[in-house]
Amino acid sequence: MKKQVFNPYMPSWEYVPDGEPHVFGDRVYVYGSHDEFNGAVFCLGDYICYSAPVTDLTDWRYEGVIYRKDQDPAQDGRMVLYAPDVAVGPDGRYYLYYVMDKVGFVSVAVCDKPAGKYEFYGYVHYKDGTRLGDRKGDMPQFDPGVIREGDKTYLYTGFSGRHMIDRIGAMATTLGPDMITIEEEPVVIIPGDMYVDLKSPSEVTTGCPYPLKSIENWAGYKNHAFFEAPSIRKIGDTYYFVYSSEVMHELCYATSKSPRDNFVYGGVIVSNVDMHIDTYKPADMPVAYGANNHGGFELINGQYYMFYHRHTNANWYSRQGCAEKMTVNADGSIPQVEITSCGLNGGPLKAQGEYGAYIACHIFNPDKPGPYVGPGQPRITQDGRDGDEEPGYIVDITDKTTIGFKYFDFKDVHKLSLVVRGYMYGAFEIRNKWDGPVLGTLKCESANFWEPDTIDIDFPDGNHALYLTWVGGGSAQLKSIKFS
């Protein structure tokens, strides 16, 4: 079988959320934070990087650790590295921007290669040397996203938690040719949820040290106000500001002809629970358990892809990178993409051979409603720790749990095998739509170890989803699916 790529596109034991993809030369590099499986908090690992040839997104290469959290002089032994971004400077070097927790300033590291060993460079600062975020009245900096044009680099930051009156919205700051000194001071470009109905700057309930830009547009962000995760791209003469909204599971975009003003809300690009999409389900129905989201898009070999992350292990702290094909319409709009299992594959997966259950894009149970992830839900987990190369699997599959894989190219498929274990009694109902007719029912009995159960079933040819719904008692676990 030709090599394929799935979601997550990194190994199943790798946890790199907040992915920012950038094409440098003939490779695409993904920079993100680094969770640990079953970690107690976000981002416990050092920065690592994966890359792939732009002509073959099935061939991801581990680039190793590119920056350690102990390299920052401000590190006190307790802080972690939050979501980063990278831009190429006028000198041809690569500049890594990041923020640690417990502080409100932006750190910068630099390297001669996209995925070499970065070295600490300094802190983004005003011309008098004061760090951005340290000046009296500064809003704390968070989640830097960067884009360079000529001698100017535009830095986007911000965090506006729900109903936080002292976090006005997303900020844009202009840096000079040294990539670290402020040339144009911050402005607020889009609002947090407290300020979507703002009519004038005088209505801000706390002192804001920055000019508020284009507040006449702010009402358009209603229900999709800025939360975190700035990411910036440019298509033609239009800037696309991507961010996580107040509901957290969605990544939205806003557009402008200026990098510092007049951003207008555009829509949702992706939701890691597939909310809003109504082509195959009700728009308000989540089909996965999610929470915060962060990512960016990139043009790779003529095709746009949107990178985001999903949640595993029924908690917020074991997130994995995913990606989907994305379309930019002639009018500049971006339709929302559907979350899938095939992601970067370029098309549906072949309905041949065996696939790990961890590539399921849909996992839900109406008795354990989402959209937000929490204890007791069916979930993807793993044995061992990060890097142990133990494939993930799905646990806590109880009555009414549905597991979905999208999409497969079916051709002359007449058998399906499921590798399962657990104390269970019942069966998996097999469908090619989550609410479609049952194509077959595969009975499974309790098993102490992973064992295959097989059913003869004639799948219709063509590109279809595969849905498995458990009907019965106990709690099943699913390791893999196999077509023959």
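User: In what sense do β10 and strand β11 pair, and over how many bridges?
Analyst: β10 and β11 (residues 169–175) pair in the antiparallel sense over five bridges. Strands here are DSSP runs of E of at least two residues, numbered from the N terminus, and two strands pair if DSSP finds at least two bridges between them. This is a predicted model, in which local features need pLDDT of at least 70, side-chain atom pairs count only at pLDDT 80 or more, and totals for chains, interfaces and linings use all residues. Residues are numbered from 1 along each chain as its sequence is written, and side-chain values use heavy atoms, with hydrogens and water left out.

User: Which residue in β11 is the bridge partner of Y154?
Analyst: The partner of Y154 in β11 is T174. Y154 of β10 is also the bridge partner of I147.

User: How many residues of β10 are buried?
Analyst: Five of the six residues in β10 (residues 152–157) are buried, so the strand is mostly covered. Buried means under 20% relative accessible area, exposed means over 50%, and partly exposed lies in between, with a 1.4 Å probe and protein chains only.

User: Changing topic: which strands pair with β25?
Analyst: Strand β20 (residues 349–350) pairs with β25 in the parallel sense over two bridges, with K350 opposite D409. Strand β22 (residues 362–364) pairs with β25 in the antiparallel sense over three bridges, and there F364 stands opposite T402. Strand β28 (residues 462–474) runs antiparallel to β25 and is joined to β25 by seven bridges; F410 stands opposite G462 in this pairing.

User: How many residues of β25 are buried?
Analyst: Seven of the nine residues in β25 (residues 402–410) are buried, and the strand is mostly covered.

User: How far apart are S475 and T312?
Analyst: They are 163 residues apart in sequence and 18 Å apart in space, C-alpha to C-alpha.

User: Now the open sheet: what is the order of its four strands?
Analyst: The order is β13-β14-β15-β16, with antiparallel pairing. β13 (226–235) and β16 (264–271) stand at the edges with a single partner strand each, so one side of each has no neighbour in the sheet. The twist averages 25° from one strand to the next, using axes fitted as lines to C-alpha atoms and angles from 0 to 180 degrees between N-to-C directions.

User: How many bridges join β13 to strand β14?
Analyst: Seven bridges join β13 to β14 (residues 238–245), and the two run antiparallel. One of the pairs is F226 with S245 in β14.

User: Last one: is Q71 buried or exposed?
Analyst: Q71 counts as buried, at 16% relative accessibility, and lies in the loop between β4 (61–67) and β5 (85–88). The Q71 side chain reaches the backbone nitrogen of R68 at 2.8 Å. Beyond its neighbours within four places in sequence, Q71 is in contact with Y118, E119 and F120.

Key:
Polar contact = N/O pair within 3.5 Å; in protein donor to acceptor, adjacent residues only side chain to side chain. Contact = heavy atoms within 4.5 Å.
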